[in-house]
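Below is a short briefing on one protein model. Look at the structure first, then read the points grouped by topic.

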Amino acid sequence: GIVLVAINPYEQLPIYEQDVIYAYSGQNMGDMDPHIFAVAEEAYKQMARDEKNQSIIVSGESGAGKTVSAKYAMRFFATVGGSASETNIEAKVLASSPIMEAIGNAKTTRNDNSSRFGKYIQIGFDKRYHIIGANMRTYLLEKSRVVFQAEDERNYHIFYQLCASASLPEFKDLGLSKCFHFPVHRR
């Protein structure tokens, strides 16, 4: 298959805007510069032409920009494929991201908000190739982080959010206290 090597510049660049999506839409692979939108367009085109499921695998080290690349691919599909309903499917898919990130993101030495989970997101299209929905089929959490954090790293964000809410009545039965009361296992 096609391989795209992308580098996270750690800043916003004007190469992911709406006009760039439209520039890549309908183009053949290789006619334009390498881009996540070129990969997404090729998958979209093959899905429509061959009427077969397509996959885009986004892989890389911590802080490489995998989550952001996946969001850009979804934005491409939402823009090019449109939506079969009046509701904004892209917004709904991306709206789940803060919840997933609270449960699955943690501070690492490379990134204060690093995804420590893998996911398989399935986007559904109708016969006219409009997005009709999406669901997360698999969610793989890095479980070791729950009981161990390396020096200068932290547990999942949700742990600190729950500890900060420990005094609320609905959390009383959880027996939470301040996060610094929990022992951290170090090697």
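**Briefing: helices, salt bridges and backbone angles**

Helix H5 (residues 97-104) packs against helix H7 (residues 157-164) at an angle of about 90 degrees, and their axes are 5 Å apart. H5 is therefore roughly perpendicular to H7, a label for angles of 65 to 115 degrees; under 35 counts as roughly parallel, over 145 as roughly antiparallel and the rest as oblique. The contact (heavy atoms within 4.5 Å) is made by Glu-101, Ala-102 and Ile-103 of H5 with His-157, Ile-158 and Gln-161 of H7.

This is a predicted model, in which local features need pLDDT of at least 70 and side-chain atom pairs count only at pLDDT 80 or more, while totals for chains, interfaces and linings use all residues. Residues are numbered from 1 along each chain as its sequence is written, and side-chain values use heavy atoms, with hydrogens and water left out.

- Helices (H or I, at least four residues) and strands (E, at least two) are DSSP runs, numbered from the N terminus.
- Helix H3 covers residues 66-81, which is 16 residues. From first C-alpha to last, H3 reaches 22 Å, close to the 22 Å expected at 1.5 Å a residue; the expected span is 1.5 Å times one less than the number of residues.
- Buried residues of H3 include Tyr-72, Phe-76 and Phe-77. Buried means under 20% relative accessible area, exposed over 50%, and partly exposed in between (1.4 Å probe, protein chains only).
- The axes of helix H2 (residues 36-50) and H3 come within 9 Å and cross at roughly 50 degrees. Axes are lines fitted to C-alpha atoms, for helices over the stretch in contact, with angles from 0 to 180 degrees between N-to-C directions.
- H2 and H3 are therefore oblique to each other.

**Salt bridges**

- Side chains of opposite charge can pair when their charged atoms come close.
- A search of the whole structure finds 3 salt bridges, each a side-chain nitrogen of Lys or Arg within 4 Å of a carboxyl oxygen of Asp or Glu.
- Arg-116 pairs with Glu-142, with the closest N and O atoms 3.1 Å apart. This pair links distant parts of the chain, 26 residues apart: Arg-116 is in the loop between strand E2 (114-115) and strand E3 (117-125), and Glu-142 is in the loop between strand E4 (131-141) and helix H6 (144-147).
- Arg-116 is buried at 16% relative accessibility, whereas Glu-142 is partly exposed at 27%.
- Arg-49 and Asp-50 meet in a salt bridge at 3.2 Å, N to O. Arg-49 is exposed at 55%, and Asp-50 is partly exposed at 35%.
- Asp-126 and Arg-128 meet at 3.7 Å, N to O. Arg-128 is exposed at 54%.

**Positive phi angles**

- Glu-51 is not a glycine, yet has a positive phi of about 50 degrees. Glu-51 lies in the loop between H2 and H3 and is exposed at 64%.
- Tyr-129 is not a glycine either, and has a positive phi of about 65 degrees. Tyr-129 is in the loop between E3 and E4 and is partly exposed at 22%.
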